[in-house]
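Hello,

Here is the structure for your files. My notes on what was found in it follow below.

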Amino acid sequence: LDLFTIKYFFREVRYRLGEMNADDVDPCDICDEIFDMVKPCNSVRITLKDLKRCNVGGIVVTMLTDTTGFWEYDNRENIIAAEERETENDTEEPCPAEAHG
């Protein structure tokens with residue numbers, strides 16, 4: 001994968017995100033993020049060997065081919081925070097006043 005190829009694959013994901021009224025994503029930012037994630041041996045292209053070595057190859061492929069998968073990756077921090085809030089609400093113990101009520 002080189003910059004052109006990443007942008008080529010991401011173009012459809014970006015189009016679909018637009019249809020979902022999601023925030024626009026700069027393809028250059030995605031290229032930078034993918035290269036930062038993979039840390040390829042060659043700074044201008046990512047090989048299959050790089051994808052296997054980095055342990056995030058599946059995430060990279062999902063980001064480039066699956067709109068929902070990309071959205072979930074891009075919003076992972078918000079999703080985790082929401083899940084944590086939900087878990088906290090589910091496990092809250094009743095107030096002492098309510099327990100003896």
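**Notes on the model**

At 3% relative accessibility, Asp50 counts as buried. Please keep in mind that this is a predicted model. Asp50 sits in helix H3, which spans residues 48-54. Leaving aside residues up to four places away in sequence, Asp50 touches Val38, Pro40, Cys41 and Arg45. With Cys41 there is a polar approach as well: a polar atom of the Asp50 side chain lies 3.3 Å from the backbone nitrogen of Cys41.

As for the overall layout, the protein has seven helices and zero strands. Read from the N terminus, the order of elements is therefore α-α-α-α-α-α-α. The protein has 101 residues, and 27% of them count as buried. Among contacts with a separation of 6 or more, 53% are between residues 24 or more positions apart. The accessible surface comes to about 7500 Å², and carbon and sulfur atoms hold 51% of that.

Next, the cysteines. How many disulfides does the structure hold? The count is zero. For Cys28, the closest cysteine sulfur is that of Cys31, and the distance is 6.1 Å, which is too far for a bond because a disulfide needs the two sulfur atoms within 2.5 Å. Cys31 is likewise in no disulfide, its nearest cysteine sulfur being that of Cys28, 6.1 Å away. On accessibility, Cys28 is partly exposed, with a relative accessible area of 38%, whereas Cys31 is buried, with a value of 2%.

The last item is helix H5, which covers residues 67-74. Which of its residues are buried? They are Thr67, Gly69, Phe70 and Tyr73. Viewed down the axis of H5, these buried residues fall within an arc of 160 degrees, so they line one face of the helix. At the N-terminal end, H5 is capped by Asp66. The cap consists of a side-chain oxygen of Asp66 that lies 3.3 Å from the backbone nitrogen of Thr68.

To recap the two aspartates: Asp50 has a side-chain polar atom 3.3 Å from the backbone nitrogen of Cys41, and Asp66 places a side-chain oxygen 3.3 Å from the backbone nitrogen of Thr68.

Regards

Technical notes. Residues numbered from 1 in each chain as written. Predicted model: local features only at pLDDT ≥ 70, side-chain atom pairs only at ≥ 80, totals over all residues. Heavy atoms only, no water. Buried < 20%, exposed > 50% of the residue type's maximum accessible area, 1.4 Å probe, protein only. Helix = DSSP H or I, 4+ residues; strand = E, 2+ residues; numbered from the N terminus. Arc of directions from axis to C-beta. Polar contact = N/O pair within 3.5 Å; in protein donor to acceptor, adjacent residues only side chain to side chain. Contact = heavy atoms within 4.5 Å. Areas by Shrake-Rupley, 256 points an atom, 1.4 Å probe, with all protein chains shown as cover.
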